[in-house]
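User: I would like to go through this model step by step, starting with its overall make-up and then turning to individual residues.

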Amino acid sequence: MTGHTVTDLRDGDRPNAGVPLAGDEPSERAAKAATGGRERKRGQAASSGSGSDGAPSQQGPASDSASNRSGLGPGGRRRRRRRKSARKSDTGPAASSSAEAGGCAAEGGPAGSGPRGGSAGEGCEERGHGQRKRRRRRGKSGREIQGRPLTPQKVPHERPAGAAPAEASVQAAGPSRASSHANAASAPAQAPVAHARRQADDLYAALDLGTNNCRLLIAQPTRPGQFRVVDAFSRIVRLGEGLDAAGRLSDEAMDRAVEALKICAGKLKNRPVRRHRLIATEACRQASNGLAFLERVEAETGLRLEVVTRETEARLAVAGCSSLVGRDTDGLVLFDIGGGSSEIAMIDLTENRSNRLADHIKAWTSLPVGVVTLSERHGGCLVTPEVFAAMVEEVDAMLARFSPPDLPAFSGRGNRRIHLLGTSGTVTTLAGLHLDLPRYDRRKVDGLWLSNGEVDRMLDRLLSWDFEARAANPCIGADRADLVLAGCAILQSIRKRWPSERMRVADRGLREGLLNEMMASDGAWRRAGRNYRFRTQRQTAGDQP
């Protein structure tokens, strides 16, 4: 190839024009880089020294030739870009790590020589580092603030034929990157297991089978004294229907209760509950066939119910409402109007106040009357003002037998910062009527304050309605239309015994008390302080180790 000028671009320098490289064959890479008219321009510069018109060419200034030789001009930038494109064309984007390694050795010439006089391994490392930097820049939005990669979202696909295993590429990157890749690969598989373990460790369930309702609550402790409801169930079963007259549970009532308990059993089986407590109240306490009914429940549903005493029921009602008592309260009368009984507790907070509200119960009583029993005695569908007054008188006679001790918060000494706190369907119904809700909303009702005048107006409104009007109201419904006025009669008797300027409404009760006691005794909130932060980070940052 004597007399023909070939430009080798591998060294990055422009050779002197007119100096042939005798005895050298043009490299394949140089031939690729010479495409697009560059060889023509370079051939004109390396010609016999005359222009197209035959006149001798003029030599440029020394500064121009020096800049061209150093590659700092526009032509040098173009050559660098074309050199990069030539390198990319040699190693395609879909090549595997093993193919890249082979390409590095072939591109550098003989084994042991790299593109710039270095080894082939050094050239591969430099190129891999540049590709990794480009990948990092492209995927920067998919990383966290601390630079930790998220869990891969793509489904692993089959490795193409001829591609090297993933372990080989990890090992080629060095021991430090290999260990980090191994940790990142193993962490997503371990994260769901740890998350499921935490879910199983801190779920608690409470079931309350009352005279009128069957309720289930499954919750998870969050911050101290609070929990998050995971699942809930409530159904009116009327277990105590006809109990006051017959002294035993009817077959129809037991069938309704068993069907509801089967649903509760299914919910408990589907949740990894750490601890649960299932209780039954007045209907099973009073009925002559109460124990036989509990045996049937265990045989058909697998649930073993515990019949609690009236004192325990009063304490659980207080424990469920502890978060609704403010620091500016010296005393309160908490009442729970149930289906077969009504529990009342007097709480004095003037001495040695603590966070456990149940520890401050100074006196309590349980009236053997509820909305179901009182409505059956006096009739719940047609309630005239005379019938309502008779209901109130009956409850007054029961309360007259209760003689609490003289308590500082209720004796008139001090500021007398006391109020009523009601936890039952009766007071929540009055709150829904007061708010004129188109549909009952617990978030608006729970914790609502009602004054004496507002309670009186709601009672007068209910007494003016017939059965059809009460059933048509969305906050009452047909299931409770015959029970709501009986509950209002019990409420009116309590207001007469303990006059107060205001009353607070609580849409909570025994289930919440059971959960609070189980979580406190089990130390769940001490664990939940750590687990709650863990769950919050997972929800905000995604599933990562």
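User: How many helices and strands does the secondary structure of the protein come to?

Analyst: The model is a predicted one, and the count should be read with that in mind. Its secondary structure comes to 22 helices and eleven strands.

User: Is Ser493 buried or exposed, and what is its relative accessible area?

Analyst: Ser493 is found in helix 20, which covers residues 484–497. Leaving aside residues up to four places away in sequence, Ser493 touches Val392, Val395, Asp396 and Leu399. Because buried means under 20% relative accessible area, Ser493 is classed as buried, with a value of 1%.

User: Which residues form the positive surface patch that includes Arg80?

Analyst: Arg80 is found in helix 4, spanning residues 74–90, and is partly exposed, with a relative accessible area of 36%. Patches are made of residues with over 30% relative accessible area and no salt bridge, so the value of 36% for Arg80 lies in the range that the area criterion requires. The positive surface patch is formed by Arg77, Arg78, Arg80, Arg81, Arg82 and Lys84.

Definitions and conventions
Residues numbered from 1 in each chain as written. Predicted model: local features only at pLDDT ≥ 70, side-chain atom pairs only at ≥ 80, totals over all residues. Heavy atoms only, no water. Patch = residues over 30% accessible without salt bridge, like charges linked within 9 Å, V, L, I, M, F, W, Y side chains within 5 Å. Areas by Shrake-Rupley, 256 points an atom, 1.4 Å probe, with all protein chains shown as cover. Salt bridge = Lys/Arg side-chain N within 4 Å of Asp/Glu carboxyl O. Lys, Arg positive; Asp, Glu negative; His and termini not counted. Charge placed at Lys NZ, Arg CZ, Asp CG, Glu CD. Helix = DSSP H or I, 4+ residues; strand = E, 2+ residues; numbered from the N terminus. Buried < 20%, exposed > 50% of the residue type's maximum accessible area, 1.4 Å probe, protein only. Contact = heavy atoms within 4.5 Å.
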